There are 2 protein chains.
Amino acid sequence: MRDMTKKFLEDAFAGESMAHMKYLIFADEAEKAGFKKLANLFKAIAYAEFVHARNHFKALKKLGDNQQNIQSCIAGETFEVEEMYPVYKETAKLQGEKEAQISTHYALEAEKIHAEMYKKALNLVNEGKDYEAEKIYICSVCGYTTEEGAPEKCPVCGASKSAFVEF
Amino acid sequence: MRDMTKKFLEDAFAGESMAHMKYLIFADEAEKAGFKKLANLFKAIAYAEFVHARNHFKALKKLGDNQQNIQSCIAGETFEVEEMYPVYKETAKLQGEKEAQISTHYALEAEKIHAEMYKKALNLVNEGKDYEAEKIYICSVCGYTTEEGAPEKCPVCGASKSAFVEF
Ligand SMILES: [Fe+2]
Ligand SMILES: [Fe+2]
Ligand SMILES: [Fe+2]
Ligand SMILES: [Fe+2]
Ligand SMILES: [Fe+2]
Ligand SMILES: [Fe+2]
């Protein structure tokens, strides 16, 4: 693929991913304000942006089989754990930015767990097996991720059991 | 907010949005391959990345009320329609990149509709009213968006009625 087309498709993938994310965040806010049909509009259009992002991703030949896909997840999570978030968190601390310190700390703690879960998934898929955990629990405040059931209190942010979402 | 912290939070929002998107795409592939628990893992972790992205977005003070949120959507969609996608599509054509021509064409056509829908939503919310459409239909192939029910054939990509997702 020609370089400029590749660059633009990568930018388009980033733009679609951020638009999708923004609309999901706005849908929650509309819902809270009692605007159900507006929330539905945001969710529907978020899905359209997912379709666009997927088309760009496929055109970039970035979609592989399950093994390749998991490897790409491990690489991303490992970069975040070893490079990105430690720098972002330290910078927020250095600059006295409290909210950024918290949001980067929350992310860093969860990505460590994600990297391990994806490594476990890769070992299973390498043997032709599906993942093992039946249920996964995510803290809706900080993103803490566990297979051990929702804890009474989130070990990362202190949120209560009711803040956990079951998958 | 200090500039470097702001820059890093913006980068973190982009990174989390792309990770979220990648995991949703991979979840679909795992599902198709019959790996249900792996698909569930991808979806659960995608939600954790949503939580991280939302925390960064809030720390950046980018979350407003419904009116401000819709204005931000109109600005984004208008940029894509008037600036970004025409350039990306023309570049793909110039460079003979067929798949990129198609994926940018599909996106451009849908963003035009999104911009109009958000403008309609803003007028309603300005009067204190919820959005009007009860149901919204999205083509899962190209992202074409309509409130008029799923058409027999997608006017943008030609996909059949069964390719439409109802919201
Ligand atoms: Fe889009
Ligand atoms: Fe992660
Ligand atoms: Fe938490
Ligand atoms: Fe994350
Ligand atoms: Fe759009
Ligand atoms: Fe379509």
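1. A residue counts as buried when its relative accessible area is under 20%. Cys154(A), at 4%, is therefore buried, and Cys139(A), with a relative accessible area of 0%, is buried as well. The model is a predicted one, and these values should be read accordingly.

2. Both cysteines belong to a metal site. The iron ion (ligand 3) is coordinated at 2.3 Å by the SG atoms of Cys139(A), Cys142(A), Cys154(A) and Cys157(A). Along the chain, its donors follow the spacing C-x2-C-x11-C-x2-C. Cys139(A) lies in strand β1 (residues 137-139) of chain A, whereas Cys154(A) sits in the loop between β2 (145-146) and β3 (164-166), so the pair ties together parts that are 15 residues apart in sequence.

3. On geometry, the angles among the four donor atoms of the iron ion (ligand 3) run from 103 to 116°, and the site is tetrahedral. For four tetrahedral donors the ideal angle is 109.5 degrees.

4. The same surface serves both copies, as 100% of the contact residues of chain B recur in chain A.

5. The largest nonpolar core comprises 70 residues, and Leu38 and Phe42 of chains A and B have the most contacts inside it. Helices α1, α2, α3 and α4 of chain A and of chain B each supply at least two of its residues. Beyond its neighbours within four places in sequence, Phe42(A) is in contact with residues including Tyr23(A) and Phe26(A), together with Ile70(B), Cys73(B) and Tyr118(B).

Technical notes
Residues numbered from 1 in each chain as written. Chains lettered and ligands numbered in written order. Predicted model: local features only at pLDDT ≥ 70, side-chain atom pairs only at ≥ 80, totals over all residues. Heavy atoms only, no water. Core = buried A, V, L, I, M, F, W, Y, C linked by side-chain atoms within 4.5 Å. Buried < 20%, exposed > 50% of the residue type's maximum accessible area, 1.4 Å probe, protein only. Helix = DSSP H or I, 4+ residues; strand = E, 2+ residues; numbered from the N terminus. Contact = heavy atoms within 4.5 Å. Donors = N, O, S within 2.8 Å, 3.2 Å for Na, K, Ca; no water. Tetrahedral: all angles 85-135°; square planar, octahedral: opposite > 155°, others 65-115°.
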